[in-house]
Amino acid sequence: MAADRIAAIIEAQGPNLALWVPVLFAAGIAIYFSLPFEPAPWMLAAMAGGLMVGTATCFRLGPMGRVLLIGAMLPVLGIVAGGLRSIIVAAPVIGYERTATVEGRVIGLTRSASNLPRVLLDQVVIYGLDPSKTPATIRVSLAEGTDPAILAPGKRLTGVARLSPPGGPGEPGGFDFRAIAWFDRLGAVGYARTPMLEVEGSDASIFHQMAFRARMALSAHIQALVPGRNGAFGSAILTGDRSGIDREVEADLRVSTLYHLVSISGLHMSLLAAAIFAIVRYGLAIIPWCALRWPLKKIAAVFALIGGAAYLVISGSDVATQRSYVMTAVVLVAVLLDRPAITLRSIALAALFVLALAPESLTQAGFQMSFAATIALIAGFEGLRGLTWWQATQTDRRWRFARPVIGIAMTSLVAGTATAPISAFHFNTLAQYGLLANLLGVPAMGVVVMPAAVVGLILAPFGLDWLPFTIMGWGIGYILEVAAFVSGMGGAVVGVKSGPGISLALLMLGGVFLVLWRGRARWAGVAPMALALLLWALYPRPDVIVADNGRLFGVMTAEGRALSVDKGNNYAAESWLENDGDTATQAEAAARGAFDRRRARIETEVPGLGPIVYVGATDQASGARECAAAAVLIAPKWYARPSGRCLFIGAATLRHQGAQAIWIDRGHMTVEGALANTGRPWTRDPDDGRRRRDPGKEEVGPKSVASR
């Protein structure tokens, strides 16, 4: 019978059933983010009511019924968690680009793409904007000449800034910064036109600024002892402050796959906790009275828990650090309870904890790569323990000198294999020499950098930290040299074109099934992974893309995408090329194709379609003539549609639909706007009370154009 078969499957999977809890919860969160509409509050309330009824019913069911009901409830719980989180973080977003005098309190410091200091401000005042429509936080890149002394936690700054709403996708299906900004309660981004000034009202002494102030003070102290790029790296791994890392170093670390050493993760947390554990345990053990009467192992575990929690707070509490602390805490709590730690359960608990606090983490590359690497390492090394050759390398004295190298190589290989598809999906690149970089760089991190950093933290209150931090700087210098060497090797990075979201979902589903399912049926997880790669390979890139301001367009050619201009709209140009899997620069892409560039007019011929014409002038006198001669007419300063059968992309289309993508099939065009989905709170046009000029409705035309 079917019931007996289901019961047998549940019994066989019993030891791993708990591990599926975060997976099913995450599936519900994924469903929430993939919906084309936002669930209404009454829908969330109805689902929450159903969950309460289901919870009460669980106690009346047998084991099989209880498992099935919980399995059905967990995705619903994920949908509710995502919806509630979206409601809780809701905050105003400015509706249009503006220049205004702004004022706010510094709550974060980073660096912009142009390598300038950038501040995150709360308690925002935008002069001329209703307080009820003022964002909770804004992010402003500072102008050159701003006094560095005022860039401190709690300082209240003011200045003239050019602000705009968080940007939408650069093309349909592209990265949507608006969603990230929504959950960060970030309502505007921009840049200061003049150096910002400090104003009265700074409140750096308030309690909730203490962690930020401590983090920045420690960062400044480290960089004072270890100047330059080495100190910036050191402050990043200890405090989470990456504002001192310049773009060149960051690029080298990313290309060489060593950027994970900057992100505070399990390596850093475990080393710190281990150092505290060892110091407390062996420090008390040298006192006979304590050694004979106290449970030193448990006392050391408590101190390690407290030290890890302090490190979590000081370092900024990002997703990787949260996961690392939860896993470390599970191990230490197991010590307190005299029970062995089950590593896969610790990662499951960490995932559930992080997703419950911030469901949006599921959509972010950091969360996905962090958990994929950790799960793969746990499962991979568990499998290796059953292999004869691996056992020999770990026990035979002849392998004692090669053992650390083999361990690092296998760690890099397993983690790199698990994270490579995720990295390729999000960043459109694959590193060719990541294994080499990790073999050369990771040992220095584990043997020199982190031990010296931990000793430096312990000795800092006594003013004796200069020597360990100096040694830490030497180790960091070596790592950065490795990163620069590897990134400079020919072909260090290979471009990968963008794929559909379903490909990433299938890859992760298949991988999880391979790890968690018990028995030979686990190999069925290979099928969705193979299907994911096939869909990825067949996913078509747009033949033509037009930027959301209309001043840049790109046409696919045999050499790659050709761009209409060699500078300007840098973000759109870079994202298009990255999504094509193209490593060319904007200038190189602009040299492709045959563009007729004249003053305020650009024209090119697209095979199978015809001429594409860009007109930058405001005068529409030539509109009918241009439309008659073009297959696609791009005129970002025109509102009224000119007569003719061309596909007209003007001001109204760009404002309402954003960037435009065109696919060509046998002379017919399929057109899609990047802002087509307006059903989510982060995609809706905010109502700022300002009526903008829109003199007439604009037709897309011609009739042969289909909506995608």
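Trainee: Are Phe33 and Trp682 buried or exposed?
Mentor: Phe33 is buried, and Trp682 is too. Buried means under 20% relative accessible area, exposed means over 50%, and partly exposed is in between, with a 1.4 Å probe and protein chains only. Before we go on, keep in mind that this is a predicted model: local features need pLDDT of at least 70, side-chain atom pairs count only at pLDDT 80 or more, and totals for chains, interfaces and linings use all residues. Residues are numbered from 1 along each chain as its sequence is written, and side-chain values use heavy atoms, with hydrogens and water left out.

Trainee: Why is the ring pair of Phe33 and Trp682 called tilted?
Mentor: Rings of Phe, Tyr and Trp (its six-membered ring) pair if their centres lie within 6.5 Å; planes under 30 degrees apart count as stacked, over 60 as edge-to-face and the rest as tilted. Here the centres are 6.0 Å apart and the planes stand at 35°, so the pair is tilted.

Trainee: Which parts of the chain does that pair link?
Mentor: Distant ones: Phe33 belongs to helix H2 (residues 20–34), while Trp682 is in the loop between strand E18 (668–673) and strand E19 (706–707), 649 residues apart. Helices (H or I, at least four residues) and strands (E, at least two) are DSSP runs, numbered from the N terminus.

Trainee: What makes Phe425 and Trp536 an edge-to-face pair?
Mentor: Their ring planes are at 80° and their centres 5.8 Å apart, so edge-to-face is the word. This pair also links distant parts of the chain, with Phe425 in helix H16 (residues 403–427) and Trp536 in helix H20, 111 residues apart. Phe425 counts as buried because its relative accessibility is 17%, and Trp536 does so at 8%.

Trainee: How many aromatic pairs does the structure hold?
Mentor: There are 14. Some ring pairs join up: Tyr32, Phe33, Phe183 and Trp682 are linked into a cluster.

Trainee: What makes Arg680 a charge over the ring of Tyr32?
Mentor: A charge sits over a ring if NZ of Lys or CZ of Arg is within 6 Å of the ring centre and within 35 degrees of the ring normal. Arg680 lies over the face of Tyr32 at 4.6 Å from the ring centre. Arg254 does likewise with Tyr259, at 4.0 Å.

Trainee: Why is Ser86 called buried?
Mentor: Its relative accessibility is 2%, so Ser86 counts as buried. You'll find Ser86 in helix H4 (residues 63–88).

Trainee: What does the side chain of Ser86 make a polar contact with?
Mentor: With the side chain of Tyr32, at 3.5 Å. A polar contact is a pair of N or O atoms within 3.5 Å; within protein, one must be able to donate a hydrogen and the other to accept it, and residues adjacent in sequence count only if both atoms are side-chain atoms. Setting aside neighbours within four places in sequence, Ser86 is in contact (heavy atoms within 4.5 Å) with residues including Phe183 and Trp682.

Trainee: What is the largest nonpolar core made of?
Mentor: A nonpolar core is a set of buried Ala, Val, Leu, Ile, Met, Phe, Trp, Tyr and Cys residues joined through side-chain atoms within 4.5 Å. The largest has 49 residues, and those with the most contacts inside it are Phe233, Leu238, Leu253, Leu258, Met445 and Met472. A second, separate core of 27 residues includes Leu19, Trp20, Ala81 and Ala348.

Trainee: How many helices and strands are there in the protein chain?
Mentor: The protein chain has 24 helices and 19 strands.

Trainee: Why is the protein chain called as compact as a globular protein of that length?
Mentor: The radius of gyration is taken over C-alpha atoms, and the globule rule is 2.2 Å times the number of residues to the power 0.38. The protein chain has a radius of gyration of 28 Å, close to the 27 Å that the rule gives for 708 residues, so it is as compact as a globular protein of that length.
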